[in-house]
Amino acid sequence: AYSDYEMEDILHASVDDTEGLGIPRDEFTYGEISLLSFPKVMAKLKPKEGQIFYDLGCGTAKPVFYASVLGNFSKLVGIEYLPTVYEKACERKTKFDLMLKKKEKK
């Protein structure tokens, strides 16, 4: 998870990216889902085993990682348009993969 300070940096990066791409501010909204609310969303959706989880505008990919733990999906896909936010999601994925490798070695 990111600290409040890191989330502030990501929020500013998303604003910078949208301005750099010439996207009006009112056409792009950045937000994050909380760990506490995501299980409620999954319970309402009732995903079936083997389905593919897509997160369009995934931000830093929190829902993708939450879905990897809470669901039995065949594939998880996060799609992010903003380049700096996409880079942060990739960094998070690298950390997550390393964490899983450490866990598998135990």
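Q: Which way, left-handed or right-handed, does helix 2 pass helix 3?

A: Happy to start there! A crossing is left-handed if the near helix is turned anticlockwise from the far one by less than a right angle, and right-handed if clockwise. Here helix 2 passes helix 3 in a right-handed crossing. Helices (H or I, at least four residues) and strands (E, at least two) are DSSP runs, numbered from the N terminus. The model is a predicted one, in which local features need pLDDT of at least 70, side-chain atom pairs count only at pLDDT 80 or more, and totals for chains, interfaces and linings use all residues. Residues are numbered from 1 along each chain as its sequence is written, and side-chain values use heavy atoms, leaving out hydrogens and water.

Q: At what angle do the axes of helix 2 and helix 3 cross?

A: Two packed helices are described by the angle between their axes and the distance between the axes. The axes of helix 2 (residues 38–45) and helix 3 (residues 62–70) cross at roughly 65 degrees and come within 11 Å. Axes are lines fitted to C-alpha atoms, for helices over the stretch in contact, with angles from 0 to 180 degrees between N-to-C directions.

Q: Which residues of helix 2 and helix 3 meet?

A: Contact means heavy atoms within 4.5 Å. From helix 2, Phe-38, Pro-39 and Met-42 meet Pro-63, Tyr-66, Ala-67 and Leu-70 of helix 3.

Q: Which residues form the largest nonpolar core?

A: A nonpolar core is a set of buried Ala, Val, Leu, Ile, Met, Phe, Trp, Tyr and Cys residues joined through side-chain atoms within 4.5 Å. Buried means under 20% relative accessible area, exposed over 50%, partly exposed in between (1.4 Å probe, protein chains only). The largest core has twelve residues, among them Phe-38, Met-42, Phe-65, Tyr-66 and Phe-96. Helix 3 gives the most to this core, with four residues.

Q: Is Glu-80 buried or exposed?

A: Glu-80 sits in the loop between strand 2 and helix 4, and is buried, with a relative accessible area of 14%. A polar contact is a pair of N or O atoms within 3.5 Å; within protein, one must be able to donate a hydrogen and the other to accept it, and residues adjacent in sequence count only if both atoms are side-chain atoms. The side chain of Glu-80 reaches the backbone nitrogen of Cys-58 at 3.4 Å, and one of its polar atoms lies 2.6 Å from the backbone nitrogen of Gly-59.
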